[in-house]
Structure formats: structure tokens, C-alpha cells
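Please look over the structure below before reading on. The report starts with the chain as a whole and then turns to particular residues.

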Amino acid sequence: MKSSKFWLAVLVGGVVVNVLDWLVWSLWLGPTYIMQNTTLFRQEGNVAWFVIGDFVAVFVFAWVYDRVAGSFGTTVKDGATAGLYLGILMSFPSFIFMNLMFNGFPYGLSWIMTIYSIIWYVILGAVVAAVMKKGAATATA
């Protein structure tokens with residue numbers, strides 16, 4: 001069973017990345033790309049699924065970080081480093097392929113999403129490490 005620090009890290013990390021996503025997507029990327037590409041992006045998506053999706057992503061990240069923290073370390077800087085590596089693993093070249101797979105998907109947006117996602121994971125790694133604190137990584141599954 002996971003520790004209370006693990007679940008607190010998931011909760012805090014989920015709130016942080018949801019706020020970050022709301023700011024980035026509602027103030028910058030949404031007006032710039034989504035509102036201009038109404039045939040590419042669905043407008044009727046339920047926001048709750050995005051919130052839930054972020055919490056699931058945070059849970060998976062925290063679970064993986066909990067398992068590999070011994071390789072990275074458990075300080076905030078180490079968490080950010082883990083976030084950098086895991087963010088690159090998750091983002092590149094996945095978002096670049098979106099431009100190749102979907103008609104009308106802007107190439108520039110592919111790079112913006114790649115870089116933003118890596119930054120997202122770096123921030124998440126720092127938050128998760130800060131909440132889990134040194135020595136909080138456990139060996140339980």
C-alpha cells in the first residue's frame with residue numbers, strides 16, 4: 001500500500017498541473033490554435049475528462065518516480081531531473097508524429113506541445129519530490 005506522502009504528492013501534483021494546463025490552454029494555446037482550428041479540435045469536450053486525465057498522469061508519474069527515485073535521488077532538483085527524462089520519454093517524438101498523422105495539425109504546435117510537456121513533467125517532478133520528501137520513496141508496489 002502506498003504511503004500518505006505518495007497520495008498527497010498525487011493530490012498536490014494533480015492540482016498544480018491542472019492549474020498549469022488551465023493557464024496555458026485557456027490563455028495561450030486555446031485562443032491561438034484551438035479556436036482557429038475548429039475542424040481539427042473538438043470543442044464540446046468535457047473539461048472533467050481533462051482534469052481526471054491529468055490526475056491519472058500524475059499518479060502514473062508518481063508511481064514511476066517512487067520506483068526509480070533511487071536512480072535519480074529524492075531532492076526537489078532530483079525530482080525535476082527525473083521529470084526532464086520522463087518528460088522527454090513521453091513527449092518526444094510523440095507530439096511531432098501528430099503533425100505527420102493528422103491532417104491540418106500545425107507543425108509549430110507539435111513543437112510547442114513537446115516543449116510544454118517536458119516543462120510540465122519537470123514541474124511535476126519537482127512538486128512530487130518536494131511532497132514525498134527525502135527518504136519517502138518506498139519499495140512497495
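Along the sequence, the protein chain follows the pattern α-α-α-α-α, and its secondary structure comes to five helices and zero strands, where helices (H or I, at least four residues) and strands (E, at least two) are DSSP runs numbered from the N terminus. This is a predicted model, in which local features need pLDDT of at least 70 and side-chain atom pairs count only at pLDDT 80 or more, while totals for chains, interfaces and linings use all residues. Residues are numbered from 1 along each chain as its sequence is written, and side-chain values use heavy atoms, with hydrogens and water left out.

Of the 141 residues in the protein chain, 39% are buried, a term that means under 20% relative accessible area, with exposed over 50% and partly exposed in between (1.4 Å probe, protein chains only). Among contacts (heavy atoms within 4.5 Å) with a separation of 6 or more, 76% are between residues 24 or more positions apart.

Two residues can be set side by side.

Leaving aside its neighbours within four places in sequence, Ser110 is in contact with Phe95, Ile96, Asn99 and Phe105. A polar atom of the Ser110 side chain lies 3.2 Å from the backbone oxygen of Phe95.

Definitions and conventions
A polar contact is a pair of N or O atoms within 3.5 Å; within protein, one must be able to donate a hydrogen and the other to accept it, and residues adjacent in sequence count only if both atoms are side-chain atoms.
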